[in-house]
Amino acid sequence: MEAIENMMTRKSVKKYKSDPVPKELLDKIIEAGLQAPSGLNKQAPIILAVTNKEIRDKLSADNMVRDPFRRADPFYNAPAVLVVLADKSVPTYLYDGPLVMENMMLAAHALGLGACWIHRAKETFELPEWKEFLKTLGIEGEYEGIGNCIVGYADMEPQAKPRKENRVYYVE
């Protein structure tokens, strides 16, 4: 029941304190992501744990270019960004990556941290400079950005939004 309660109470956090997240907590969140199921157990997704402020800010700036709302920081001041990328040579990569994202967001919530899925990882990691960045880390191959999981200490109380009705159809 604790797992279900965690799923029911997790909400996206869109305002963070600048306090860094201890590495031990990030490691737990990352491990939860790595435990996500994957098609044929190919484990196509990888995670970039970005806590270096300079790299994090560059990643934010490159996301902002494509941000139609032009927020000052599309990562809402979160000090950590866990970027999920997936190996495009694996047929289920596009389905496996979101499972990693969800596991990490649930783990962050269970640990008392805020998290939110920020899109545009795909577009960012199609840019030549980010492809080159991956190579400097020893990441070879064709990886597609799935999402940016921002993590940090919430500086707001996220509110639950009403759920739409008529979204379940029983076939008995």
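The model is predicted, so local features need pLDDT of at least 70, side-chain atom pairs count only at pLDDT 80 or more, and totals for chains, interfaces and linings use all residues. Residues are numbered from 1 along each chain as its sequence is written, and side-chain values use heavy atoms, with hydrogens and water left out.

**View 1. Trp-130 and Phe-133 in an aromatic cluster.** The whole structure holds 2 aromatic pairs. Rings of Phe, Tyr and Trp (its six-membered ring) pair if their centres lie within 6.5 Å; planes under 30 degrees apart count as stacked, over 60 as edge-to-face and the rest as tilted. The ring centres of Trp-130 and Phe-133 are 5.2 Å apart and the planes stand at 75°, so this pair is edge-to-face. Both residues belong to helix H6 (residues 128-136). They sit 3 residues apart, about one turn of the helix. Helices (H or I, at least four residues) and strands (E, at least two) are DSSP runs, numbered from the N terminus. Trp-130 is buried at 4% relative accessible area, while Phe-133 is partly exposed at 22%. Buried means under 20% relative accessible area, exposed over 50%, and partly exposed in between (1.4 Å probe, protein chains only).

**View 2. Helix H2 packs with helix H4.** H2 covers residues 23-34 and H4 covers residues 93-110. Their angle is about 145°, and their axes are 7 Å apart. Axes are lines fitted to C-alpha atoms, for helices over the stretch in contact; angles run from 0 to 180 degrees between N-to-C directions. H2 contributes Ile-29, Ile-30, Ala-32 and Gly-33 to the contact (heavy atoms within 4.5 Å). H4 contributes Val-100, Asn-103, Met-104, Ala-107 and Ala-108.

**View 3. Asn-63 in helix H3.** H3 spans residues 53-64. Asn-63 is buried, at 0% relative accessibility. A polar atom of its side chain lies 2.9 Å from the backbone oxygen of Leu-59. Beyond residues up to four places away in sequence, Asn-63 touches Pro-74, Phe-75, His-119, Arg-120, Ala-121, Thr-124 and Asn-148.

**View 4. Ala-115 in strand E3.** E3 runs over residues 114-118. Ala-115 is buried, with 3% relative accessible area. Leaving aside neighbours within four places in sequence, its contacts include Arg-10, Tyr-16, Met-105, Ala-108 and Cys-149.

Key
A polar contact is a pair of N or O atoms within 3.5 Å; within protein, one must be able to donate a hydrogen and the other to accept it, and residues adjacent in sequence count only if both atoms are side-chain atoms.
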